[in-house]
Amino acid sequence: MRSMPAKKGNKYAAGNKGGGRNPSYKKEYNDLAYKFCLLGATDKDLADFFEVSEQTINNWKKEHKEFYLSLKKGKIEADSVIAQKLFHRAKGYEHPDVHISNYQGEITTTAITKHYAPDTTAAIFWLKNRQPQYWRDKQEIDANVNSTTTIKVTKPENL
């Protein structure tokens with residue numbers, strides 16, 4: 001995500017590096033932060049957007065419950081929409097559609113159902129994250145060998 005540059009001459013911009021008090025929180029930041037989080041913004045992105053440090057964002061979350069709840073709501077809503085879309089992609093889905101055709105100058109429309117096969121990559125991604133103990137690439141194997149077992153090797157006679 002592209003960050004907005006700090007304004008020239010703003011002693012509180014760019015993370016409040018000059019020290020002093022943190023910039024003032026404003027109630028309208030709640031709605032802006034919520035909408036920005038719906039777009040996938042992280043706390044660092046928010047800090048850049050509001051021209052403050054990440055610590056200031058953290059302070060605002062502690063000091064202003066409505067700001068914290070706006071961030072949380074935006075992030076949860078965005079993540080849940082993406083999770084739902086990934087799930088549909090992984091299992092396959094269908095939806096109604098209309099096929100429009102032109103035959104000898106006559107336009108016809110036909111109701112159809114489009115089918116999308118399950119997406120293997122999406123399914124693997126989903127399972128690796130939901131059940132990593134079963135689906136991770138690296139499997140842990142217990143290689144303990146019982147030392148009481150004796151293996152006898154014999155030399156073939158014709159050598």
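Q: What share of the contacts in the chain with a separation of 6 or more comes from residues 24 or more positions apart?
A: Residues 24 or more positions apart account for 50% of those contacts, a contact being heavy atoms within 4.5 Å. The model is predicted: local features need pLDDT of at least 70 and side-chain atom pairs pLDDT 80 or more, while totals for chains, interfaces and linings use all residues. Residues are numbered from 1 along each chain as its sequence is written, and side-chain values use heavy atoms, without hydrogens and water.

Q: Which elements make up the secondary structure of the chain?
A: There are seven helices and two strands, in the order α-α-α-α-α-β-β-α-α from the N terminus. Helices (H or I, at least four residues) and strands (E, at least two) are DSSP runs, numbered from the N terminus.

Q: How do α4 and α5 pack?
A: Helix α4 (residues 54-63) and helix α5 (residues 65-91) pack at about 110°, with axes 5 Å apart. Axes are lines fitted to C-alpha atoms, for helices over the stretch in contact, and angles run from 0 to 180 degrees between N-to-C directions. The two helices are therefore roughly perpendicular, a term for angles of 65 to 115 degrees.

Q: Which residues meet there?
A: From α4, I57, W60, K61 and E63 meet K65, F67, Y68 and L71 of α5. Five of the contact residues are nonpolar, none polar and three charged. Here Ala, Val, Leu, Ile, Met, Phe, Trp, Tyr, Cys and Pro count as nonpolar, Asp, Glu, Lys and Arg as charged, and the others, Gly among them, as polar.

Q: And what is the angle between α3 and α4?
A: It is about 100°, with the axes 8 Å apart, which makes α3 roughly perpendicular to α4. In this contact, D43, K44, L46, A47 and F50 of α3 meet E54, I57, N58, W60 and K61 of α4. The division is five nonpolar, one polar and four charged.

Q: Changing topic, which residues touch the most other members of the largest nonpolar core?
A: Of its 14 residues, these are L46, F50, I57, W60, F67 and L71. Such a core is a set of buried Ala, Val, Leu, Ile, Met, Phe, Trp, Tyr and Cys residues joined through side-chain atoms within 4.5 Å, where buried means under 20% relative accessible area (1.4 Å probe, protein chains only).

Q: Which element gives the largest share of this core?
A: Helix α2 does, with four residues.

Q: What does W60 touch?
A: Leaving out residues up to four places away in sequence, W60 touches P23, S24, Y25, Y29, F50, V52 and F67.

Technical notes. Parallel < 35°, antiparallel > 145°, perpendicular 65-115°, else oblique. Buried < 20%, exposed > 50% of the residue type's maximum accessible area, 1.4 Å probe, protein only.
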